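Subject: A structure for you to look at

Hi there,

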Amino acid sequence: MIRRGLPLLVLVFALVPAAAGTGAATKVKKVGIHDNYYDPLKLKVKVGTTVKWVWPNDVGDTHDVNLAKRPKGVKPFSSDLVATGYSFKRTLRKAGKYYIYCSLHDDMKMTITVVN
């Protein structure tokens, strides 16, 4: 009787590590880039979330994504200047406020709050 249950027990232990690893996937939050604004303008995410900025596929203005004020120890980042069909992403690993702006449009800004 013990022999019949042994293959099932081995199978269960073999699957446990695979199932445990699937929950650790990084979350991705999408930010749309439109004519002179980011959507959303304010975003709240957990530490480790990847933020992905997505440009439209149709004709539009040229924009970029730049990090201005940020938590201490976070290096600045910036995307290419692009008009259409592009995406740019960053994983935010430190709690705090991230201030994003477009270098071509003074009023095009957004804030990302990263929490533990």
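Predicted model: local features only at pLDDT ≥ 70, side-chain atom pairs only at ≥ 80, totals over all residues.

Residues are numbered from 1 along each chain as its sequence is written, and side-chain values use heavy atoms, with hydrogens and water left out.

**The core**

The largest nonpolar core has 22 residues. Such a core is a set of buried Ala, Val, Leu, Ile, Met, Phe, Trp, Tyr and Cys residues joined through side-chain atoms within 4.5 Å; buried means under 20% relative accessible area, exposed over 50%, and partly exposed in between (1.4 Å probe, protein chains only). Among the members that touch the most others are Trp53, Phe77 and Ile112. Strand β8 (105–115) gives the largest share, four residues. Strands here are DSSP runs of E, at least two residues, numbered from the N terminus. Beyond its neighbours within four places in sequence, Ile112 is in contact (heavy atoms within 4.5 Å) with residues including Leu43, Trp53, Leu92 and Ile100.

**The loop between β5 and β6**

Ser79 and Asp80 both sit in this loop. Ser79 is buried, at 8% relative accessible area, whereas Asp80 is partly exposed at 48%. Leaving aside neighbours within four places, Asp80 is in contact with Trp55, His63, Asp64 and Tyr86. The contacts of Ser79, counted likewise, include Trp55 and Tyr86. The side chains of Asp80 and Tyr86 also make a polar contact at 3.5 Å (a pair of N or O atoms within 3.5 Å; within protein, one must be able to donate a hydrogen and the other to accept it, and residues adjacent in sequence count only if both atoms are side-chain atoms).

**The aromatic rings**

Rings of Phe, Tyr and Trp (its six-membered ring) pair if their centres lie within 6.5 Å; planes under 30 degrees apart are stacked, over 60 edge-to-face, and the rest tilted. There are four such pairs. Trp53 and Phe88 make a tilted one, 5.9 Å centre to centre with 35° between the planes. Trp55 and Tyr86 are edge-to-face, at 4.9 Å and 70°. Trp55 lies in the loop between β4 and β5 and Tyr86 in the loop between β5 and β6, so they tie together parts 31 residues apart in sequence.

Enjoy exploring!

Best wishes
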